[in-house]
Amino acid sequence: MNAASFSSLSDGHQRLQALVGAWRGEEEVSDTQWADGGPATSEVLAQAEFGGQFVVQRYRQRRDGTISFGSHCVFGFDQQNGLVTMHQFDSMGFVPVSPATGTWDGNTLTLLRSSSRGAARVTYDFDGGDSYRMRLEFQPIGSDAWQDMVSGLYRRVLPSELREG
């Protein structure tokens, strides 16, 4: 993306660029109905698309040397409503009815999505340009409590350091 196209982006679109890059993460997976708890590693590749208006993110989690979960997310910014949007498609196969939406609070982006199973909340906390923390929580239908699902620390790496497949 060249500087001229980036400078013409709204502030909301410019904030999305914090996600862009290649990242490697050390994660802790909580024991849930979908997965057994324990450590995991992950690789994330996020690229700006359409002049920076969207960020497309590929995520792969590995446990015991094999891919245990994968997702593709498309982040955007809804200028009319002032909200960050995230459309997620993943290896669980659930079709999202609507995107997750959220806002920035300082260096923290929090997104919330509801479905017939409950609500999911994901938080990205940027420690600086070379690392961030992510936390995914789930709230089942009828519950007031949020359950931890995955949390991790992700550090920037060179794209060539990421594994294929």
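1. At 12% relative accessibility, Gly 12 counts as buried, where buried means under 20% relative accessible area, exposed over 50% and partly exposed in between, with a 1.4 Å probe and protein chains only. Gly 12 belongs to helix H2, residues 11–16, helices (H or I, at least four residues) and strands (E, at least two) being DSSP runs numbered from the N terminus. Between the C-alpha atoms of Gly 12 and Ser 131 there are 20 Å, the two residues being 119 apart along the chain.

2. A word on the basis of these values: this is a predicted model, in which local features need pLDDT of at least 70 and side-chain atom pairs count only at pLDDT 80 or more, while totals for chains, interfaces and linings use all residues. Residues are numbered from 1 along each chain as its sequence is written, and side-chain values use heavy atoms, with hydrogens and water left out.

3. The predictor's confidence in each residue, pLDDT, runs from 0 to 100; its mean for the protein is 92, and 95% of the residues reach 70 or more. Confidence is lowest in helix H1 (residues 3–7), with a mean of 51, and highest in strand S6 (residues 100–105), with 98.

4. Strand S1 (residues 21–29) has antiparallel pairings with two strands: nine bridges connect S1 with S2, and eight bridges join S1 to S10. On the S2 side, Arg 24 stands opposite Glu 43, and on the S10 side Glu 28 stands opposite Ser 151.

5. Two loop residues deserve a look. Phe 50, in the loop between strand S2 (38–49) and S3, has a positive phi of about 55° although it is not a glycine, and Phe 50 counts as exposed at 66% relative accessibility. Asp 64, in the loop between S3 and S4, likewise has a positive phi of about 55° without being a glycine, and at 83% relative accessibility Asp 64 counts as exposed.

6. The largest pocket holds about 940 Å³ of space. On a 1 Å grid over the protein atoms alone, a pocket is an open set of points with protein on both sides within 12 Å along at least five of seven lines, whereas a cavity is a set where a 1.4 Å probe fits but cannot get out; lining residues have an atom within 4 Å of a point. Of the 42 residues lining this pocket, Phe 69, Gln 88, Asp 90, Leu 136 and Met 149 are the closest to its centre.

7. Among the elements that give two or more residues to this lining are strand S3 (54–63), strand S4 (66–78) and strand S9 (131–140), while S8 gives the most, with six residues. By class, the lining has 26 nonpolar, 10 polar and six charged residues, where Ala, Val, Leu, Ile, Met, Phe, Trp, Tyr, Cys and Pro count as nonpolar, Asp, Glu, Lys and Arg as charged, and the others, Gly among them, as polar.

Note on methods: Grid points are joined across faces, edges and corners, and a volume is the space filled by probe spheres set on the points. Two strands pair if DSSP finds at least two bridges between them.
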